[in-house]
Amino acid sequence: MPDPMANLALFFSQLKLKAKIILQWHMEIYRYRLLMIFYKPLLEWLFNRAEHIIVSSNNLREESEFSKFMQNKTTVIPLGIDINELHQYEEDYYYADYIRELSMGRKIVLSVGRLVYYKGFDVLINSAKFLPENVVILIAGDGPLKKNLEEMVEFLGLKGKVFLLGKLNQKQLVTCYKRCDVFCLPSKYKTEAFGIVQVEAMCFGKPVVSTKLRGSGVCEVNLHGETGLCVEPGDSKGLAEAIIKILENEENYNIYSKKAKERANIFSIERVTNNFVNIYEKVLQS
């Protein structure tokens, strides 16, 4: 959840339904506030009806507009990834050559995600104005804002410093993770509930710069001052300053890198799966 159609189907089947409901609340609804007038009562019914609720972060539990329904029946289980599978992908050496051509020996800041409104790629592109000439930004992903972002790069005169790579396959993406120096998640809105791409980058020991989104777990994944730095959302200059701060001190960079790789293990699919199984067993036995 949120998933209005599934929610509605469950509501109409409630008279016949005797099963216990475990609700996984994935993210807050930010954009469609008008529709929430009609959807909210249905959601509140489901929160009340649920035997147990699972969220991906403490922030989501504590700052959700539905937090009052979560008391005494909520568990925080972060999202997980298959770390072993990720490391099994070999680099795409042809694509690695392409990345080398783009970067020309400069430091690489990588960002990954759908090119949509809440991801904040416009903020990241604007931050390039404040970055030194020995740093480039690579943005991997596709989406409805691609043309707008390309026009922004050209308008700001950042061609040669900011590159939109388009949609990548898994080998190409792993190549980018391995070749980058810093990973950046510049999301602007709490629709970004977790930021699993941060974990993927951390698996390869990459320090992260991300944003302090209220009601989101983004900076519960990337710990400020440990695995990277967190800045205010929408602050292009702040993003640039955090990136520079990480890159300019090799000793601190190595500490961030080491702690990022260690922290990634917390989000292993094995650990997360065990936590889910434990919750289901507990609910079934109650």
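These questions and answers go through some named features of a predicted model.

User: What should I know before reading the values?

Analyst: The model is predicted: local features need pLDDT of at least 70, side-chain atom pairs count only at pLDDT 80 or more, and totals for chains, interfaces and linings use all residues. Residues are numbered from 1 along each chain as its sequence is written, and side-chain values use heavy atoms, with hydrogens and water left out.

User: What makes W25 and F47 an aromatic pair, and which kind is it?

Analyst: Rings of Phe, Tyr and Trp (its six-membered ring) pair if their centres lie within 6.5 Å. Planes under 30 degrees apart count as stacked, over 60 as edge-to-face, and the rest as tilted. The centres of W25 and F47 are 5.2 Å apart, with 65° between the planes. That is within 6.5 Å and over 60 degrees, so the pair is edge-to-face.

User: Why does this pair tie together parts of the chain?

Analyst: W25 lies in strand β1 (residues 22-25) and F47 in helix α2 (residues 33-49). The two parts are 22 residues apart in sequence, so the pair ties them together. Helices (H or I, at least four residues) and strands (E, at least two) are DSSP runs, numbered from the N terminus.

User: Why is the pair of F66 and F69 called tilted?

Analyst: The ring centres of F66 and F69 are 6.4 Å apart, and their planes stand at 40°. Ring pairs link W25, F47, F66 and F69 into a cluster. The count by this rule comes to 13 aromatic pairs.

User: How do you know whether F66 and F69 are buried or exposed?

Analyst: Buried means under 20% relative accessible area, exposed over 50%, and partly exposed in between (1.4 Å probe, protein chains only). F66 has 1%, so F66 is buried. F69 has 13%, so F69 is buried too. W25 and F47 are also buried.

User: What makes the link of C219 and C230 a disulfide?

Analyst: A disulfide is a covalent bond between the sulfur atoms of two cysteines. Here the rule asks for a pair of cysteine sulfur atoms within 2.5 Å. The sulfurs of C219 and C230 are 2.3 Å apart, so the pair counts. The link is left-handed, with -125° about the S-S bond. C219 sits in helix α10 (residues 218-221) and C230 in strand β9 (residues 228-231), 11 residues apart. The count comes to one disulfide.

User: What makes α9 and α12 a contact, and which residues make it?

Analyst: Contact means heavy atoms within 4.5 Å. V199, M202 and C203 of α9 meet A260, K261, R263 and A264 of α12. By class, the contact has five nonpolar, no polar and two charged residues. Ala, Val, Leu, Ile, Met, Phe, Trp, Tyr, Cys and Pro count as nonpolar, Asp, Glu, Lys and Arg as charged, and the others, Gly among them, as polar.

User: Why is S56 called buried?

Analyst: S56 has 5% relative accessibility, so S56 counts as buried. S56 is found in the loop between β2 (52-55) and α3 (58-63). Leaving out residues up to four places away in sequence, S56 touches several residues, including W25, H26 and F194.

User: What makes N72 and M104 stand out in phi?

Analyst: Most residues other than glycine have a negative phi, and most peptide bonds are trans. Phi of N72 is near 65°, a positive value in a residue other than glycine. Phi of M104 is near 50°, also positive in a residue other than glycine. N72 has 84% relative accessible area, so N72 is exposed. M104 has 61%, so M104 is exposed as well.

User: Which peptide bond is cis?

Analyst: The bond from M1 to P2 is cis, with omega near 10°. P2 is placed in the segment before α1 (4-12).
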